[in-house]
Amino acid sequence: MRKSLIPILTVVAAIFVIWYGAAVALNMAWAKDQAARAGTDPSFAELVANTWSQKKPKLPAPHQVAAEIWKTTGEMVINGRGFSKRSLIYHSWITLSATGLGFLLGAGFGILLAIGIVYNRVMDMSVMPWVIASQTIPILAVAPMIIVVLNAIGISGLLPKAMISMYLSFFPVVVGMVKGLRSPGAMQLDQMKTWSATKGQQFWRLRLPSSMPYLFASLKVAMAASLVGAIVGELPTGAVAGLGARLLAGSYYGQTIQIWSALIMAAALAAVLVALIGLIQRIVLKRMGMA
């Protein structure tokens, strides 16, 4: 166990060293300019300290981001303001709600499409190319169109963001499930035919169980994509809540520390959601005798 942690800790340490070094390199020009304006001649150590303590740095140092996250999460929880509009917990919940709904819609739609593609040759030849082509359109171009169209018919709020999440999340589910449903070999299918199994029995007893590893792998990708879709969906709407809104507000006012804290929070949220799917995967596959 300890040996397995060494590579992880080494990578984490390397990331922090590179991050701190990049903060010095990117923020040094401002530190020198401020020193020249003040007519002072600070030492290199003082300049480095300045690059790690600026209010609006080009690249905030890790401890600045950590302090901002604590200020907008831990401190607010202690003060009983965990779900105030200045809290990252509140904004994470707004984004999480759209992510969850979009993920459920995308996963359900993807599974149904995959079943149709596997069992219907017409769908395989006609729908699958369009599924692939749909992912070549940049989501930043699609998101405003989806929001405008849905707003025109009176649909706003959570659903437009969930639709964007669904657009990004259904594709890996389709691809993974098609691969999984087609994974049984010819000998296994022939064996089912010798038992006079119907297509429905083949699906429930052979194809679906065989597709579980592929499904869970694709669900992990879909969950991460769904979170990205929810954040992107908050950008063109001028939303005042959600991690996307925090990113937008930070970019408007040059609050790079706020931007990075929202990014780290989004990454942590994605890691938790993917880990949750991994936990469900282990439970399901163990009950099926596949792990």
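**Aromatic pairs and an exposed isoleucine**

User: Where is isoleucine 6 placed?

Analyst: Isoleucine 6 lies in helix 1 (residues 2-38); helices are DSSP runs of H or I, at least four residues, numbered from the N terminus. The model is predicted, local features need pLDDT of at least 70, side-chain atom pairs count only at pLDDT 80 or more, and totals for chains, interfaces and linings use all residues. Residues are numbered from 1 along each chain as its sequence is written, and side-chain values use heavy atoms, with hydrogens and water left out.

User: Is isoleucine 6 buried or exposed?

Analyst: Isoleucine 6 counts as exposed because its relative accessibility is 52%. Exposed means over 50% relative accessible area, buried under 20%, partly exposed in between (1.4 Å probe, protein chains only).

User: Switching topic: how many aromatic pairs does the structure hold?

Analyst: The structure holds six aromatic pairs. Rings of Phe, Tyr and Trp (its six-membered ring) pair if their centres lie within 6.5 Å; planes under 30 degrees apart count as stacked, over 60 as edge-to-face and the rest as tilted. One of the pairs is phenylalanine 109 with phenylalanine 170, tilted, at 5.5 Å centre to centre and 50° between the planes.

User: Which helices hold phenylalanine 109 and phenylalanine 170?

Analyst: Phenylalanine 109 is in helix 5 (residues 88-119) and phenylalanine 170 in helix 8 (residues 158-181), 61 residues apart. Phenylalanine 109 is partly exposed at 38% relative accessibility, while phenylalanine 170 is buried at 7%.

User: Why is the pair of phenylalanine 203 and tryptophan 204 edge-to-face?

Analyst: Because the planes of phenylalanine 203 and tryptophan 204 are at 85°, with ring centres 5.1 Å apart.

Terms used
Helices (H or I, at least four residues) and strands (E, at least two) are DSSP runs, numbered from the N terminus.
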